[in-house]
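Here is a briefing for a reader who has not seen this structure before.

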Amino acid sequence: MSFKTARLIFLAGTLSSAILFLALTWDTHRQVRVLTNADRLSDRVIAGKRVFQKYNCNDCHTILGFGGYYAPDLTRVYQRRGEAYIRQVIAAPDKVLAASFRKMPHENLAAEEIDRLVDFFRWVNDIDTHDWPPQDSASRASRSAARLMSGTTLSYGAALFKENNCFDCHRLQGVGGTSGPILDDVGNRLSVDQIIKVIANPQQLNPDYQMPAYEASLSRAQIEALANFLANQKGGKQ
Amino acid sequence: MTTYASQRVAYPYFVLSLLLFGLQVALGLWLAINYAFTLPQDLVNVFPFATARAFHTNLLVLWLLLGFMGGTYFMIPDETRSEIYSPKLALVQLILLVGTGVAALIGFLAGWTQGRPLLEIPFELDLVVVAAALLFLFNVGMTLFRARNWTVIQGTLFGGLVMLAVLYLFGIPFYHNLSIDWYYWWWVIHLWVEGAWELVTGAIMAWILMKITGVERRVVEKWLYVEIGLFLFTGIAGTGHHYYWLGAPKYWLGVGGIFSALEPLPIALMVWDTFRHVRARQAEIKNPIVWTLAVGSAIYHFIGAGVWGFIHTLPAINYYTHGSQVTVSHGHLAFFGAYALLNLTVFYYAIPKLKGLDQFKQTLSKWGFWVSASSMLLMGLAFGVAGVIQTYLERILGLGYMAAQAQMQFWFKVVIGCGIIFFAGVILIIYDLLTLKPQLKTSSA
């Protein structure tokens, strides 16, 4: 290869790539308004983004998959956890995550700041990320539930338990988080009806409960299936 | 031993760079402890993981940049056959940058932050960085233009430095739209490490290889052209591999996927190039550690950035591994291979010359290299295993974030073990470089 050819490779390679990249950047700007629902990007959402940056949330949590890998991704946190849990955990992480082996700093946010953060997460929740992240993808979750139930050993209730991220907080047969009660023998402590009440609206039983209410996101039949499954957890090994 | 008096200004850059490197690694160990053990809430409230991570990553950027800048000041007098335009300005620039660094670290502790990973430093400090960058470009530019002795190496270096400074500007504003924010965040981070930094380090490495091997300039520069051409061809449009899931159009999966799959090519060429130049050497290599580091950097660069990057950025895999410990594994191996080892190559080439040593004792440096390089490889693998566990449990089985993290604890403890050994290797290197001893057996001619 001659020196001139080498220089030509350099010029052609750099220019072609840069032109393609800049052209697609221009087109991305055109399309991103729709993909991110920019019409709903209100002053409150923007104020929420400022709060998100002010407390450096992003150096522990990823959002859109970017940032620190120390804590759960926040892209779909609004859908996964619901507004009530988001408010609770930001206001009193020391209490909500008291049993968790990983801690979140207690930053003493003003009520107004928490409101704006919730606005921000609600807006982020609807960004079209091509169905990322997989763990929060509704279509993948239903496919995965169908796959699980096609196995003979798994009940509908067990599939619902997994698909609704109960393992995030609860431990069952040694698997799962520790911020909620261990459920290995929950059937000895609570009846089916009591479990239904907890799942549907825990705060009605005790306003201090940190668990989100599921009566809005799950049907009555689903909550019953889940409660039946849990009432059968009586401490024995499966 | 240095031909030009103004080359000496590189030395304080190297010393500060090394000390910040040590501090960066110490904080890395602290981060690993955060992962593997439960810390008391009171401690987390005052020194959270987020702050420690901001320390770790900002120190990384600062020590690497100070190393590149010192390397540039050491190299351009020799390349242009002239003194640096103003060594005093170079010192002012160093004080500004290190001052910014110290202010930023203290600021992070007090919550003074822009809150964007790696670009945490607040707007006011951004302005100081821009001022320092302008001083640097002015000083280097004046030296090059005054000498009018242009070479491909000089052009590549200066082009890379200008690109580096211009891209930094895209990271300064507050963006309203989170997706646009991350879109331009990658103009700084990706186009730095897979663009501007490759130009700067490609030029410095080409120059060092030419110096230690005595291979003809025209040959070195020809291959430098091909290398940086391929780096920029694959790297610029390859930015798309960060745009898969952030709210950008779907064509980025195709564009990013194809261009980033080609990204190992220039690195492979660089490895081959390095080997060929070393084999075809005309001069006797006096300090073998320099080419051990040069070859080590090239191979490590290929594994960490090339192979790991290739696998991690295939869209079908990245859907599951994006933003997991797999990313951490790739980040550590790639940064250590491509940039940390390259800076160490520069330090081991330049510092002996600045101290007037023709040959120096190689024992400590060899230990330092092998201990740090092998422990970092193991650490990268441990992060990788943790990442695969996370990908499977959290993203495929859907067990939830903390449930997956609980199963990864063991591997974070392995990371701490590797980190302690790595830290020891780095301390050896820092100590050795600051106290180089002449090789007594051979009397230099």
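**Helix 9 of chain B**

In chain B, helix 9 (residues 251-261) has B:Trp252, B:Leu253, B:Gly256, B:Phe259 and B:Ser260 as buried residues. These residues lie on the same side of helix 9 of chain B, because they cover an arc of only 160° around the axis. The model is predicted.

- The cover over the buried residues of helix 9 of chain B includes helix 8 (217-238), helix 11 (288-312) and helix 12 (315-321) of chain B.

**Contact between chains A and B**

- Chain A brings 69 residues to the contact, and chain B brings 61 residues.
- On the side of chain A that touches chain B, the elements that give two or more residues are helix 1 (3-35), helix 2 (43-54), strand 1 (62-63), strand 2 (66-67), helix 6 (138-150), helix 7 (156-163) and strand 4 (175-176) of chain A.
- Helix 1 of chain A gives the largest share of that side, 18 residues.
- By type, the residues on the side of chain A that touches chain B are 33 nonpolar, 23 polar and 13 charged.

**Confidence**

- For the complex, the predictor gives an ipTM of 0.95 and a pTM of 0.89.
- Chain B has a mean pLDDT of 95, with 98% of its residues at 70 or more.
- Among the elements of chain B, the highest mean pLDDT (98) belongs to helix 1 (residues 10-36) of chain B, and the lowest (90) to helix 10 (residues 264-279) of chain B.
- Where pLDDT is low, predicted coordinates should not be read in detail.

Conventions. Residues are numbered from 1 along each chain as its sequence is written. Chains are lettered from A and ligands numbered from 1 in the order in which they are written. This is a predicted model: local features need pLDDT of at least 70, side-chain atom pairs count only at pLDDT 80 or more; totals for chains, interfaces and linings use all residues. Two residues are in contact if their C-beta atoms, placed from the backbone, lie within 7 Å. Helices (H or I, at least four residues) and strands (E, at least two) are DSSP runs, numbered from the N terminus. Ala, Val, Leu, Ile, Met, Phe, Trp, Tyr, Cys and Pro count as nonpolar, Asp, Glu, Lys and Arg as charged, and the others, Gly among them, as polar. A residue is buried if 20 or more other C-beta atoms lie within 10 Å of its own, exposed if 12 or fewer, and partly exposed in between; C-beta atoms are placed from the backbone. The arc is that of the directions from the helix axis to the C-beta atoms. pLDDT is the predictor's confidence in each residue, from 0 to 100.
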